[in-house]
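Try each one yourself before reading the solution.

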Amino acid sequence: MIIDLTGTTSSEIASALIKARRNAGSPAMGMVGTIVVVVDEASHHDAMKAANEAGREHPSRVLVAILRPGRGDGGLDAEVRVGEGVPGEAVLLRLHGELAKVPESVVTPLLLPDSPVIVWWPGGGPKVPATDPLGKLGRRRVTDAAATRRASVDFSARAEGYQPGDTDFAWARLTPWRALMAAALDQYPAHVTGAEVVSAKGNPSADLMAAWLQCKLGVAVEQKNSRGPGLTAVRLFTPAGPIELSRPDGAIATFSVPGQPDRPVALKRRTTSELLSEELRRLDPDDVYAQTLACMVEREAMPADAKKVSAADRRSAQSAAEKAAVRTAAVSGKAASTALEAHAADAKKPAPKAAAKKTAAKKTSAAAKSARKKAPAAKQATTKKAAAKKATGKRVAGRS
């Protein structure tokens, strides 16, 4: 059921919600919270769709607020949706004029009582979400740094003004990556000497991943650019070889550990609704995210050389990986990694100069053998010529 309200008030919207529930035959609400979405007119449809899809796992009242500040008297238009494929309730609010400057006065009466409130900014969000008029209403404040042009600047401001309950989709996108890397060190404990994060240029998740690794491992973490999509690889350098999680296509990743065969891992890029569902599962403060933000500020102040992996650590890890690949090939008949197998094959190849010398030596040896074979034949031919010349001399002498 869809109810359009023009020039309305919050009390009229609340009455329309009650009426819609009764007409739908479900007077009980059965919702676990309120999702407040602050968005613009251009992207409100996608945001409402994502919130409704997340509501299938967490039935909620979705309040989509479109702020249209400007001169003139304030006004409020609303669109109430109950049923029609909506797992909870959805209300589209358009705030005009002076009313758009105080959106909390409209949203507060529509919040579900005694239930958590999640405020989400799909378009990036304010620099300090906790000080925003609508952000103050939320127990959880969700932003998306990937939707802004200057993600690093926003993260710096959010680190300074962080409050318990703040989070970002750039951090949620790292959940499976962090879980896999932590599990790798649990299964294959080793001393990490350095790390590397590879991603598309300007990816905020890569910045958070590098800060998290540096915070937890206490080693230099180098960032490199790739064609994407998003985060493409994370490598941990150890004396036994690199531990690597690589995802070049955005769907299937390859997990590599020294001395073991490569393993494929399902690691597809998640949709907005899946990220929002993850945030709705956890409503307590994310202390690890707060620590990572602090480490990110420290990392930005570090010199460039302090954020690079030394060449010695790279060579040591690569050499150990090549030896591990050879051992694995000897045991199982298959190298632990195609890339490492190629490196090992290249290492077995002679240097260009040495190969040239070897080829020249072979040619000289072949020429000597050929000369030795031709020597008896040449000597025999010379003897025959001498005998023929002697016989000719005798004939001439007899005639004279």
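**Exercise 1.** Does Cys295 count as buried or exposed?

*Solution.* First, the ground rules: this is a predicted model, where local features need pLDDT of at least 70, side-chain atom pairs count only at pLDDT 80 or more, and totals for chains, interfaces and linings use all residues. Residues are numbered from 1 along each chain as its sequence is written, and side-chain values use heavy atoms, with hydrogens and water left out. Next, the cut-offs: buried is under 20% relative accessible area, exposed is over 50%, and partly exposed lies in between (1.4 Å probe, protein chains only). Cys295 comes in at 15%, so it counts as buried. Now try Cys215: at 31%, this residue is partly exposed. Zooming out, 42% of the 400 residues of the protein count as buried.

**Exercise 2.** Work out how many disulfides the protein has.

*Solution.* Look for pairs of cysteine sulfur atoms within 2.5 Å. By that rule you get zero.

**Exercise 3.** Describe the lining of the second largest pocket.

*Solution.* Start with what lines it: a pocket is an open set of points on a 1 Å grid over the protein atoms alone, where a 1.4 Å probe fits, with protein on both sides within 12 Å along at least five of seven lines, and lining residues have an atom within 4 Å of a point. Of the 18 lining residues, Arg173, Ser205, Arg247, Arg269 and Arg270 are the closest to the centre. Then sort the lining: eight nonpolar, five polar (Gly among them as a class) and five charged (Asp, Glu, Lys and Arg).
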